[in-house]
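Please examine the protein shown below.

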Amino acid sequence: LLERHLTKEYINNKFGHADLKLMAVGFSLGASLLCSHLGKVRENTRLHCGVAACAPWDYHSFGSSMSSSFALLTYQPALSGSLLSIVKTKGQGLLERSDNEELNANVSMLLKATKKGIPRGYTVQDVERLIICPNHGHATVMDYYTAASPFQHLHKVEVPLMCFSALDDPIVGTPPSLRRWDFVCEANPNLLYVRSPTGGHLGFMRGPVDELLGRPGYLEERIIKALDVAVRQPTKKPVRRDVPSQLEEYHLHTL
């Protein structure tokens, strides 16, 4: 979807402004998709800049976090339930378009299981194994996690990108070490990494009084200020360090 709609041709045809400054803000899995998209299309993007907040930078760490006893009791039922609801509403259309026997068998099984409601006991990893892996050609969930992890694409991003993480985020898992962030930000000056000791998953609340009064939290303020600066200042092409091959080898050994 991102690669189809966030192209120069599509945006120019849609809005009719070749010089329109478009900015994207991704949250959680949306941030992951945004980073992967920018790294894959590189200079062929119509975006002026982007912000990625609380992305699961390493899907292996994300998967481990979501498999903990706490996550299985709290986050997993809601997330897996949402995924099964999508299968329930979109599954028949997927069956009509797909000739993948394994995928069709899994979709049919889940459609039968969700016929009278959303069943309990399924996890996000179950849906990934049954639907995402066969649909996208991944042999295992671990293969899918390796391919989908966005951190490996950051060194190829060609527009300014601000990345937020919180150390106490209970969902996305442990963020990459500061050493890895230093390495990738040194190689690609388009990147800015902001890490907070607290904030949770997209929380970043200041206090109960601020919440009651509807005041913006730290994350919202930082995003607005960053985008305001990006709009007001002229675009300058950063000088890229010539170490892409080192980064490729580094990611292979650390992901």
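Predicted model: local features only at pLDDT ≥ 70, side-chain atom pairs only at ≥ 80, totals over all residues.

Residues are numbered from 1 along each chain as its sequence is written, and side-chain values use heavy atoms, with hydrogens and water left out.

Q: How many salt bridges does the structure hold?
A: A salt bridge is a side-chain nitrogen of Lys or Arg within 4 Å of a carboxyl oxygen of Asp or Glu. By this criterion, the number of salt bridges in the structure is 2.

Q: Which residue forms a salt bridge with Glu158?
A: Glu158 has 14% relative accessibility and counts as buried (under 20% relative accessible area; exposed is over 50%, partly exposed in between, with a 1.4 Å probe and protein chains only). The closest N and O atoms of the pair are 3.8 Å apart. The pair links distant parts of the chain, 116 residues apart. The partner of Glu158 is Arg42.

Q: Which helix contains both Arg129 and Asp126?
A: The side chains of Arg129 and Asp126 meet in a salt bridge at 3.4 Å, N to O. Arg129 is partly exposed at 44%, whereas Asp126 is buried at 18%. The two are 3 residues apart, about one helical turn, in helix α8.

Q: What is the relative accessibility of Asn188?
A: Asn188 lies in the loop between α10 and β4. A polar atom of the Asn188 side chain lies 3.4 Å from the backbone oxygen of His155. Asn188 counts as buried, because its relative accessibility is 0%.

Key:
Helix = DSSP H or I, 4+ residues; strand = E, 2+ residues; numbered from the N terminus. Polar contact = N/O pair within 3.5 Å; in protein donor to acceptor, adjacent residues only side chain to side chain.
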